[in-house]
Amino acid sequence: MATRHQVRQSVIALLYAFELNSQHNAFIDEILDEKKIRNEQKNFTLNLYHGILDNLDSIDQTLNTFLNDNKIAALGHIERSILRLGAYELLFTDTPNAIIINEAIELAKELANDNSPKFINGVLDSLIKAKK
């Protein structure tokens, strides 16, 4: 069974496919099969993915307030996807903040450039502080 971390990796892959291809739905099953995401974990993955897409404008507007000189559209695909996932989980789920931040940092270490973990941590931490 896939771990929650693998689920989040899959969500990042799905968001990346969404940005790069108008036929992104064609890749959903392929990405989930490749990562061996099944059953309950598949439902969790799809809930995160569709939740992000359903709230994309709101998530992006919220993130833009914490991005100083940048805007979400100016970021790289991976960083943008990690921030969107983290913001969605912070704003719309009951997952503890510490887990969300830790997962986002780990995803950034694995998938993005060397400066990304610190940057993503800062943005999501600012979101948490504003949420309180």
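This briefing walks through salt bridges in the structure above. The model is predicted, so local features need pLDDT of at least 70, side-chain atom pairs count only at pLDDT 80 or more, and totals for chains, interfaces and linings use all residues. Residues are numbered from 1 along each chain as its sequence is written, and side-chain values use heavy atoms, with hydrogens and water left out. Searching the whole structure turns up seven salt bridges (a side-chain nitrogen of Lys or Arg within 4 Å of a carboxyl oxygen of Asp or Glu).

**Arginine 8 and glutamate 89**

- These two side chains meet in a salt bridge at 2.9 Å, N to O.
- The pair links distant parts of the chain, 81 residues apart: arginine 8 is in helix H1 (residues 4–20) and glutamate 89 in helix H5 (residues 77–92). Helices here are DSSP runs of H or I, at least four residues, numbered from the N terminus.
- Arginine 8 is buried at 3% relative accessible area, and glutamate 89 is buried at 1% (buried means under 20%, exposed over 50%, partly exposed in between, with a 1.4 Å probe and protein chains only).

**Arginine 84 and its partners**

- Glutamate 19 forms a salt bridge with arginine 84, with the closest N and O atoms 2.6 Å apart.
- Glutamate 19 lies in helix H1 and arginine 84 in helix H5, so this pair ties together parts 65 residues apart in sequence.
- Glutamate 19 is partly exposed at 22% relative accessible area, whereas arginine 84 is buried at 8%.
- Aspartate 60 also forms a salt bridge with arginine 84, the closest N and O atoms being 2.8 Å apart.
- Here aspartate 60 in helix H4 (residues 56–64) is linked to arginine 84 in helix H5, 24 residues apart.
- Salt bridges with shared partners join Glu19, Asp60, Arg80 and Arg84 into one network.

Key: Helices (H or I, at least four residues) and strands (E, at least two) are DSSP runs, numbered from the N terminus.
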